[in-house]
Amino acid sequence: MLHKCLLVLALLAPSGRCASVKLLGRFHAKQAAFIQVEEDIHAVNVLDRYNLFIAAFSGFPFSTDHVYEVAAIGRQLPTINSTKILDVSHKITWPNEISQVPDAVFHKELVVAAGGFLVPLKTHGTIGLFDLSVSPPRGPFTITSSADSAWFYHRVLWKDMNGDGRIDAVTCRAKKPLFGHAQGELVWYEHPATGALEHPWTMHVLAKGPDVYFDFLTLKTPGGTFDCIVTAGFFSKSLNIYWTTDPSNKWNDASKIKSRVIDNTFGEVFDVQAVDLNGDGDLDLLVSGYDTQSADVYSFEIPNDFRTEKFTRHTLASGFSPRQKGSSHGAPGSAQIVYPTSSTKGKPLVLLSGDDDGRAYLLKPSSASASDWTYDKETFLDVGRGTVGEPAVKDVDGDGYKEIFVPAYNQGYVYVYTFKQ
């Protein structure tokens with residue numbers, strides 16, 4: 001194995017695809033579930049540039065959920081075990097992904113938290129904004145309406161959907177009654193001309209069915225270039241793609257929105273991201289399945305014409321299952337690509353949350369060949385019969401090597417790793 005690793009390392013230099021991570025330490029964050037690193041582009045010193053946000057929630061009725069922050073996380077690395085967290089908010093019910101709002105949206109720093117889930121008394125989801133231009137951050141400023149109380153949200157991305165020059169919020173939302181079938185919708189919230197942080201935004205439905213995670217991508221075809229949204233259907237068990245035929249790439253005319261099913265044969269679809277997985281310069285889809293027994297991680301090659309041709313599926317890693325059995329447990333979680341250093345040449349690693357299998361993984365390409373879809377699976381964190389949430393990756397101290405922040409939900413810790421050996 002060592003000989004193989006050295007050979008692949010030589011072929012893939014300078015990025016170092018056989019790189020492993022080193023544990024720097026861990027700090028306490030009760031029920032940490034999702035991690036996001038936000039960049040303050042106005043910071044002069046790189047050690048002050050990145051702030052860490054943590055979404056934490058409890059399944060107990062009437063319990064309080066939290067959004068935490070560690071400011072200037074780069075300064076904390078030398079003493080990471082004694083890191084203290086700031087309780088930014090306890091007003092977002094069941095916060096899921098916390099993500100950075102592009103600076104162009106409000107021309108100041110904000111993050112957005114998508115909330116709610118299908119557990120009793122936690123189903124009233126919201127989308128809340130936090131203003132980071134002041135300390136401590138202010139918020140949440142809720143852009144969803146109280147009339148939408150049956151829905152919950154997991155991810156928010158930003159795009160000008162109607163061509164008015166203001167950037168809108170796009171999300172998938174879901175609801176699952178105690179009795180009955182789950183429902184999902186791909187929707188967008190229209191950025192108002194005034195009072196954006198004072199009133200709910202107008203909601204528009206793009207499609208019925210998508211329910212949790214999604215991603216944006218732009219794809220070329222023989223018939224032109226199209227603005228697309230790919231969706232992972234958790235409850236609908238379908239990986240779909242949507243596109244607009246509007247010549248200005250607007251999404252506000254339903255008659256110009258088209259769609260097709262990419263794959264609906266492998267059960268629940270946990271997450272999807274549009275990335276270049278094999279280093280050939282073209283986008284692929286990185287997809288994680290989810291199951292109570294056994295699930296896989298896949299790549300899908302995007303064909304020359306995504307509208308009509310087949311997406312070729314490859315299995316990158318297989319056999320993930322929760323250690324605690326039952327309908328409320330499953331594996332794996334979200335996958336994302338990562339380059340160990342600032343170099344983005346060649347094929348990246350895949351960072352994977354095992355979710356209820358209690359592990360965090362690095363999937364390492366077996367060779368430099370763009371046609372080779374085999375990976376070696378390395379476990380770098382194992383917390384036992386617990387849940388590992390969604391990690392974040394960023395070089396927060398400017399040393400040229402990425403750090404990985406992994407939430408261990410049941411343990412109440414955030415583990416911190418570096419690719420620097």
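Which residues lie nearest the centre of the largest pocket?

## Largest pocket

Trp 94, Phe 117, Tyr 290, Ser 328 and Asp 356 lie nearest that centre, among the 39 residues that line the largest pocket. The model is predicted, with local features needing pLDDT of at least 70 and side-chain atom pairs pLDDT 80 or more, while totals for chains, interfaces and linings use all residues. Residues are numbered from 1 along each chain as its sequence is written, and side-chain values use heavy atoms, without hydrogens and water.

A pocket here is an open set of points on a 1 Å grid over the protein atoms alone, where a 1.4 Å probe fits, with protein on both sides within 12 Å along at least five of seven lines; lining residues have an atom within 4 Å of a point. The space in the largest pocket comes to about 1100 Å³, and its lining comprises 17 nonpolar, 18 polar and 4 charged residues.

## Second largest pocket

The second largest pocket has a volume of about 760 Å³, and of its 28 lining residues Gln 36, Ser 99, Leu 157, Gln 273 and Gln 336 are the closest to its centre. β2 gives the most to this lining, with 5 residues, and the lining divides into 15 nonpolar, 6 polar and 7 charged residues.

## Cysteines

With a disulfide defined as a pair of cysteine sulfur atoms within 2.5 Å, the count is 0. Cys 172 is in no disulfide, the nearest cysteine sulfur, that of Cys 228, being 15 Å away. Cys 172 is buried (under 20% relative accessible area, with a 1.4 Å probe and protein chains only), at a value of 0%.

Conventions
Buried means under 20% relative accessible area, exposed over 50%, partly exposed in between (1.4 Å probe, protein chains only). Grid points are joined across faces, edges and corners, and a volume is the space filled by probe spheres set on the points. Ala, Val, Leu, Ile, Met, Phe, Trp, Tyr, Cys and Pro count as nonpolar, Asp, Glu, Lys and Arg as charged, and the others, Gly among them, as polar. Helices (H or I, at least four residues) and strands (E, at least two) are DSSP runs, numbered from the N terminus.
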